There are 2 protein chains.
Amino acid sequence: MYKAPLDDIAFTLKQVAGLKPAIDAGLLGDLGEDLVDAILSEAGRFAGEEVAPLYKVGDEVGAVLKDAEVTMPPGWRDLYRRWVEGGWNGLSGPEEFGGQALPISVAMAVLEMWNSASMAFGIGPTLTMGAIEALEKHAAPVLKDKYLAKLVSGEWMATMNLTEPQAGSDLAALRARAERAEDGTYRIFGQKIFITYGEHDFTDNIVHLVLARLPDAPAGTRGISLFLVPKFLVGDDGVPGARNDVFCSGIEHKLGIHASPTCTMIYGDGFKGQAPGAVGWLIGEENKGLACMFTMMNNARLSVGMQGVAVAEAATQKAIAYANERRQGKAGGYDGPGMAPIVHHPDVQRNLLTMKALTQAARAIAYNCAHAIDMGRLAATEAERGHWQARANLLTPLAKAFSTDVGVDVASLGVQVHGGMGFIEETGAAAYLRDARIAPIYEGTNGIQAIDLVVRKLPLEGGEHVHGYIAELKAVADAVRDSNRDGFGRTAARLDEALDAVSEATRFLLSATAEGRQDEALAGATPYLRLISLAAGGAYVAQGALADETGVRTALCRFFAENLLGETRALADSVLGGAASLAAAGQSLISA
Amino acid sequence: MYKAPLDDIAFTLKQVAGLKPAIDAGLLGDLGEDLVDAILSEAGRFAGEEVAPLYKVGDEVGAVLKDAEVTMPPGWRDLYRRWVEGGWNGLSGPEEFGGQALPISVAMAVLEMWNSASMAFGIGPTLTMGAIEALEKHAAPVLKDKYLAKLVSGEWMATMNLTEPQAGSDLAALRARAERAEDGTYRIFGQKIFITYGEHDFTDNIVHLVLARLPDAPAGTRGISLFLVPKFLVGDDGVPGARNDVFCSGIEHKLGIHASPTCTMIYGDGFKGQAPGAVGWLIGEENKGLACMFTMMNNARLSVGMQGVAVAEAATQKAIAYANERRQGKAGGYDGPGMAPIVHHPDVQRNLLTMKALTQAARAIAYNCAHAIDMGRLAATEAERGHWQARANLLTPLAKAFSTDVGVDVASLGVQVHGGMGFIEETGAAAYLRDARIAPIYEGTNGIQAIDLVVRKLPLEGGEHVHGYIAELKAVADAVRDSNRDGFGRTAARLDEALDAVSEATRFLLSATAEGRQDEALAGATPYLRLISLAAGGAYVAQGALADETGVRTALCRFFAENLLGETRALADSVLGGAASLAAAGQSLISA
């Protein structure tokens with residue numbers, strides 16, 4: 001059973017992501033290290049003792065749809081209520097509406113724990129948090145007053161409605177339509193698919209944020225507006241009243257996260273005989289919906305990245321526990337009675353250390369991204385805030401894509417460590433792989449993240465930002481070298497090589513995009529994302545090892561550097577020289 | 001729906017694995033290329049038209065246990081009967097007992113097709129084939145006469161019973177026991193788990209091959225004997241009669257291959273009130289059972305490797321088809337109407353080409369291994385046969401482990417290419433990943449394969465064999481260079497670098513094992529297996545491209561060399577320098 005790794009989470013947050021310096025600099029007001037520790041500790045308890053025990057019933061029973069209503073797995077409704085009562089939903093929400101306005105970095109560390117205990121549970125509130133942010137930034141005061149307090153407390157939940165059958169990665173193809181009503185509201189019509197927590201019995205109302213087009217909207221993404229469409233219309237007293245014309249017509253039968261209802265939502269079809277048209281309220285301006293939605297999406301991308309970290313952590317814990325129990329054969333390092341616990345076999349150790357090291361690196365990247373978001377709001381000067389916002393923009397695709405790839409790879413290694421038992425569902429190792437597999441796909445596939453990184457993020461500040469970032473990571477390599485600690489082995493050299501590879505690939509991609517060699521840049525996007533993530537992750541792990549006076553983190557850092565950083569050279573070569581072969585061979589894939 | 005890639009299978013078999021030179025040299029008697037093509041074509045038809053359509057019901061309904069009897073999914077019993085009537089079971093079986101004695105390489109190519117259509121279907125007959133080989137080589141004539149013809153025709157099926165709860169990778173821990181009876185037979189007692197096709201309704205009898213210990217057997221693996229234990233005792237007339245004291249007490253609820261019943265088998269527990277003790281017949285000599293079982297296991301390892309190739313092929317086909325249908329966004333290379341089919345996006349092409357290239361490489365390695373087994377029997381001189389047997393021994397762990405890792409990786413990429421649809425079970429992409437995940441585990445985990453490669457296979461002929469093999473692959477790199485074909489890009493240089501890395505790592509590991517630095521060798525086993533497999537796979541793909549006069553294989557070869565071979569340097573570095581960090585960090589994994 002999952003036990004929150006409080007030490008590693010707190011250490012990474014404070015020493016590697018930068019929370020401690022920010023606290024020390026007084027940027028976080030009353031928030032001190034003790035309070036952070038207390039929050040983490042209580043979240044860890046709740047995740048381990050309350051959420052994790054309900055994982056299995058969630059996976060086995062799943063969410064069930066009947067007559068347009070979704071029943072959540074046994075015990076889950078109560079779990080959600082207890083979780084809301086614990087005040088967990090409003091952790092980073094605005095104080096004006098009852099939130100605790102804690103840093104995003106702390107919220108993300110806590111979110112990791114819910115997701116380690118159950119990804120299907122963790123994903124629901126994530127969408128509510130994104131909606132809170134979108135409403136806070138873009139909604140009219142009357143909408144804020146009606147909805148935000150309930151969403152911040154968790155009394156109601158929210159959803160994001162983007163995808164349609166023909167419009168997934170490409171929102172320009174969106175067809176859902178909105179009509180202006182005379183009272184200033186709108187009527188929404190259309191079908192949305194893959195709507196996470198689109199329908200459930202956790203809360204008395206569900207607030208849908210829906211992208212749709214007005215009749216006179218321009219084509220493409222500049223003609224999309226964002227609407228708030230509640231499941232039940234809310235009276236001036238704040239009480240849910242009449243049923244709105246939106247319903248769930250189906251839920252998906254998925255590989256994993258079975259307890260998360262993935263809904264097809266029908267808007268404006270005259271549900272239960274009412275006059276067709278779901279009543280909606282505009283958020284922000286007409287035709288500017290995509291900008292509002294991006295507020296949600298950036299947050300959600302980091303949150304999905306946390307899911308990758310979370311499932312990797314849970315899978316690693318489970319595999320290490322099993323490897324200490326399961327005995328097979330003899331091992332050099334074991335001189336006890338009977339067969340050796342398989343954790344003594346070098347090949348098993350390689351798998352487990354790879355799992356641990358990748359998890360730690362992904363966590364460090366994600367927390368650094370979260371901290372950058374915080375600093376984008378908290379830093380003293382506008383220039384500093386701009387710097388941190390650029391940093392958050394740069395790191396978001398890494399936090400989303402690298403972490404979720406790590407989630408899949410680590411969960412798969414976890415199955416392998418369990419041997420035959422790993423393939424048996426009752427063991428629970430396979431379920432992590434099933435759950436993890438969605439995270440590289442939703443909230444923008446990892447391919448989309450890589451393209452975003454190369455096309456939009458690298459050119460930030462004319463490329464200066466990413467080069468500055470690489471220089472910061474280089475300084476870590478220098479510090480490792482200067483530390484003269486034997487235990488680091490060849491860490492400094494390996495980090496240098498990796499970061500040189502990043503520099504070279506970065507320059508190449510910046511030139512390619514600047515010179516209009518778009519396909520060359522796109523061809524290198526995915527290997528580049530992994531390249532910079534591995535190098536950054538390695539540097540962060542080293543930074544942690546340097547900051548750790550006990551020295552226990554040094555050995556894993558060395559393992560990372562000497563076993564996992566080598567891949568960076570190959571990735572750089574793919575970026576630099578892979579496009580031509582891709583273009584040549586790619587033709588063969590296209591059907592006549 | 002799966003369509004057998006007859007061109008690539010036939011080409012790889014003949015031009016890359018060496019079937020054509022063997023036919024031309026007259027080593028295969030009457031077997032000509034035309035007959036091979038006809039067999040492949042008919043197998044492809046059966047796999048695509050008869051097996052594949054029953055995949056889904058197999059996955060959804062699965063095998064069902066009730067009262068110790070397993071009912072196979074609807075339509076599957078008939079499917080098996082038709083398959084047997086087609087003569088497919090006896091393809092490589094001995095002519096003396098009704099088989100067609102075709103080369104193993106042809107049998108493996110055909111086996112690939114059954115497994116592409118359904119891994120759960122393909123795995124059953126695989127075990128029968130292994131049992132046929134074990135009986136043919138080791139059983140007394142009376143046993144052969146009673147069982148072999150029925151097993152060769154497929155009228156009966158067979159199983160392999162090794163694993164017990166405490167004895168998986170380490171068979172020394174085996175506890176099932178055998179007692180001598182006065183009539184020369186034995187009575188078997190004990191529990192076996194993870195027995196594939198241990199019980200089913202395909203055939204009227206099931207022949208279990210069971211490892212057990214005699215009361216006076218030495219401890220460890222030298223005290224294990226192999227027994228034949230039929231489900232129904234067979235009279236002198238060859239007709240199944242009384243029920244033997246063996247039954248299936250449970251089947252596993254697995255991640256994938258749901259239609260393959262994975263059984264717990266109970267021997268000698270007095271099933272249905274009979275006197276306890278399953279009647280068994282000794283195969284080979286007492287206490288020499290492991291050697292007999294290895295006959296089955298080597299064959300089975302290659303067969304499981306074919307499953308990796310098979311599921312990679314099926315997943316690749318499905319992903320390419322989807323990428324040609326699904327439209328999203330704009331792409332540089334697409335100037336047709338509407339959104340571009342996603343196959344035009346470079347990032348999608350990278351995924352698809354990676355899938356194609358890895359599948360082709362894994363297929364080439366597996367077929368080369370199969371051909372080496374054939375040549376080990378057919379080559380003209382004893383020295384040649386010895387050479388080929390060593391080659392088969394060397395390639396078996398590659399064919400098993402690399403191919404099955406490729407199966408998982410490619411199936412996972414296949415899910416990714418499908419985007420959100422990939423996570424929906426009805427799409428079928430996720431099912432390939434679920435199925436593929438068992439192959440790196442069963443028949444000796446891939447970690448065990450890597451250890452076998454490093455500890456037992458590299459030292460063959462004092463290391464001369466593997467170095468000779470590397471030299472052969474080097475010659476391919478030279479031939480690419482000499483070809484002066486532009487389309488190869490940097491293929492020759494990349495192959496050279498990869499093979500140099502293999503040479504260096506090989507010398508290191510041979511020294512480590514020779515000098516008793518066992519843990520260093522074991523620490524490098526897994527990266528070494530992938531290293532030599534990638535280099536060999538790359539060379540085989542290049543060999544195919546050189547042999548292909550149409551030139552269409554050149555572009556994929558270049559893609560492989562310029563995008564996938566770069567990893568080899570990093571893998572070599574892990575082998576050469578990773579052990580120290582692994583040993584240092586490994587201690588942290590061990591529970592106090």
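Student: What does "partly exposed" stand for?

Tutor: A residue is partly exposed when its relative accessible area falls between the buried range, under 20%, and the exposed range, over 50%. This model is predicted. In it, Arg177(B) has 39% relative accessibility, so Arg177(B) counts as partly exposed.

Student: Which residue meets Arg177(B) in a salt bridge?

Tutor: A salt bridge pairs a side-chain nitrogen of Lys or Arg with a carboxyl oxygen of Asp or Glu within 4 Å. For Arg177(B) the partner is Glu179(B), with 2.7 Å from N to O. Glu179(B) is partly exposed, at a relative accessible area of 33%. The charged end of Arg177(B) also sits over the ring of Phe189(B), 4.3 Å from the ring centre.

Student: Where else does a charged end sit over a ring?

Tutor: One case is Arg517(B), whose charged end lies over the ring of Phe508(B) at 5.9 Å from its centre.

Student: How many salt bridges are there over all chains?

Tutor: The count is 76. One of them joins the side chains of Glu33(A) and Lys14(A), at 3.3 Å from N to O. Glu33(A) belongs to helix H3 (residues 33-51) and Lys14(A) to helix H1 (residues 6-16), both of chain A, so this pair ties together parts that are 19 residues apart in sequence.

Student: Which parts of the chain does the pair Lys474(A) and Asp500(A) link?

Tutor: These two form a salt bridge with their closest N and O atoms 2.6 Å apart. The pair links helix H14 (residues 464-483), which holds Lys474(A), to helix H15 (residues 491-514), which holds Asp500(A); the two residues are 26 apart in chain A. Lys474(A) is partly exposed at 22% relative accessibility, and Asp500(A) is partly exposed at 39%.

Student: Which residues are linked in a network of salt bridges?

Tutor: Asp8(A), Glu112(A), Glu313(A), Arg363(A) and Arg553(A) make up such a network.

Student: What makes the aromatic pair of Phe247(B) and Phe271(B) stacked?

Tutor: Paired rings count as stacked when their planes are under 30 degrees apart. Here the angle is 10°, with 4.7 Å from centre to centre. Phe247(B) lies in strand S10 (residues 246-251) and Phe271(B) in the loop between strand S11 (262-267) and strand S12 (278-283) of chain B, so the pair ties together parts 24 residues apart in sequence. Both Phe247(B) and Phe271(B) are buried.

Student: How many aromatic pairs does the structure hold?

Tutor: Over all chains there are 26.

Terms used. Residues are numbered from 1 along each chain as its sequence is written. Chains are lettered from A and ligands numbered from 1 in the order in which they are written. This is a predicted model: local features need pLDDT of at least 70, side-chain atom pairs count only at pLDDT 80 or more; totals for chains, interfaces and linings use all residues. Side-chain values use heavy atoms; hydrogens and water are left out. Helices (H or I, at least four residues) and strands (E, at least two) are DSSP runs, numbered from the N terminus. Buried means under 20% relative accessible area, exposed over 50%, partly exposed in between (1.4 Å probe, protein chains only). Rings of Phe, Tyr and Trp (its six-membered ring) pair if their centres lie within 6.5 Å; planes under 30 degrees apart count as stacked, over 60 as edge-to-face and the rest as tilted. A charge sits over a ring if NZ of Lys or CZ of Arg is within 6 Å of the ring centre and within 35 degrees of the ring normal.
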